[in-house]
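Keep the sequence and the 3D view open as you go.

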Amino acid sequence: FPSFSAGWRISEEDFFKKTGNGISELKLRAGWGIVGNDRIPAFARFGLVDTAAPKYLIGGAVRTAYVPRTLENVDLTWEKTNQVDIGIDLGLFKNRLMITADYYHKKTTDMLLAVPIPTTTGYSSAWQNAGSLENKGFEFSFASKNIVKTDFKWSSDFNISFNKNKVLDI
């Protein structure tokens with residue numbers, strides 16, 4: 001599955017260093033990628049066959065019967081998650097105060113689900129790609145080094161996120 005990420009540490013650029021504005025760290029980040037999930041039983045897309053417990057007498061010989069164990073679904077594919085993340089890192093006062101902000105958007109499609117089916121078919125469920133969902137939001141974190149002494153250090157961290165989940169299809 002493809003992915004890429006990039007970052008630009010603006011605070012390391014010559015034009016930025018000349019400003020002397022008290023910002024010790026400034027970095028822009030972006031990333032995109034797709035990951036897959038195949039966490040279902042092996043060979044779930046194939047109709048598997050098993051031997052029947054009782055043996056049968058056919059034509060004077062004991063025979064083994066073969067019975068279907070699972071339903072076939074040749075259209076079954078990997079579950080796919082496509083995600084974008086855009087962020088900024090800001091350090092102030094020689095990085096004594098660090099602020100990070102991120103926006104993310106994640107969409108999962110072809111979700112794998114053992115869907116219940118009528119037991120009159122001889123089965124109770126069948127694996128299917130049964131839906132999609134979306135997850136997006138913002139994350140913020142603040143970290144400060146309040147006191148930094150040889151024998152005493154005090155730091156504070158705070159984070160908060162705003163997340164919205166939405167079922168798109170099922």
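Thr100 sits in strand E6, which spans residues 97-109. Please keep in mind that this is a predicted model, so every detail below belongs to a prediction. The Thr100 side chain reaches the side chain of Asp89 in a polar contact of 3.4 Å.

What else does Thr100 touch, not counting residues up to four places away in sequence? Its contacts are Arg29, Ile88, Asp89, Glu139, Phe140 and Ser141. Two of these names, Arg29 and Asp89, return below as partners in a salt bridge.

## How the strands pair

Strand E1 (residues 3-9) runs antiparallel to E2, and seven bridges join the two. Within this pairing, Phe4 stands opposite Trp32 of E2.

E2 is also joined to strand E5 (residues 79-92), again in an antiparallel arrangement, through 14 bridges. One place to look is Lys27, whose bridge partner in E5 is Asp89. Asp89 therefore has a relative accessible area to note as well: at 15%, it is buried. As a general point when viewing strands, side chains in a regular strand alternate between the two faces of the sheet.

## Salt bridges between strands

How many salt bridges does a search of the whole structure find? The search returns five. In general, side chains of opposite charge can pair when their charged atoms come close.

Are the two partners buried or exposed? Arg9 is partly exposed, with a relative accessible area of 38%, while Glu25 is buried at 12%.

## A network around Arg29

Which residues join Arg29 in a network of salt bridges? The network links Arg29 with Asp85, Asp89 and Asp102.

Take Asp85 to begin with. Asp85 and Arg29 form a salt bridge in which the closest N and O atoms are 3.8 Å apart. Asp85 lies in strand E5 and Arg29 in strand E2, so the pair ties together parts that are 56 residues apart in sequence. Asp85 counts as partly exposed because its relative accessibility is 21%, and the buried class ends under 20%.

Now turn to Asp89, whose side chain meets that of Arg29 in a salt bridge of 3.0 Å, N to O. This pair links distant parts of the chain, with Asp89 in strand E5 and Arg29 in strand E2, 60 residues apart. Asp89 is buried, its relative accessible area being 15%.

## A nonpolar patch on the surface

Next, a look at the surface. Phe138, Phe142, Phe158, Ile160 and Phe162 form a nonpolar patch there, and together they have about 460 Å² of accessible area. Strands E9 (132-148) and E10 (153-169) are the elements that give two or more residues to the patch.

Which element gives the largest share? E10 does, with three residues. Phe138 is found in strand E9, and it counts as partly exposed because its relative accessibility is 41%.

## Loops worth a visit

Asn73 is found in the loop between strand E4 (61-68) and E5. Asn73 is buried because its relative accessible area is 19%, with the cut-off for buried being under 20%. Not counting residues up to four places away in sequence, Asn73 touches Arg45, Trp127 and Gln128.

Phe43 is found in the loop between E2 and strand E3 (49-58). Its phi is near 65°, a positive value in a residue other than glycine, and Phe43 counts as exposed at 57% relative accessibility. Lys94 is placed in the loop between E5 and E6. The phi of Lys94 is also positive, near 55°, in a residue other than glycine, and Lys94 is exposed, with a relative accessible area of 77%.

Technical notes: Residues numbered from 1 in each chain as written. Predicted model: local features only at pLDDT ≥ 70, side-chain atom pairs only at ≥ 80, totals over all residues. Heavy atoms only, no water. Pairing = 2+ DSSP bridges. Helix = DSSP H or I, 4+ residues; strand = E, 2+ residues; numbered from the N terminus. Patch = residues over 30% accessible without salt bridge, like charges linked within 9 Å, V, L, I, M, F, W, Y side chains within 5 Å. Areas by Shrake-Rupley, 256 points an atom, 1.4 Å probe, with all protein chains shown as cover. Salt bridge = Lys/Arg side-chain N within 4 Å of Asp/Glu carboxyl O. Buried < 20%, exposed > 50% of the residue type's maximum accessible area, 1.4 Å probe, protein only. Contact = heavy atoms within 4.5 Å. Polar contact = N/O pair within 3.5 Å; in protein donor to acceptor, adjacent residues only side chain to side chain.
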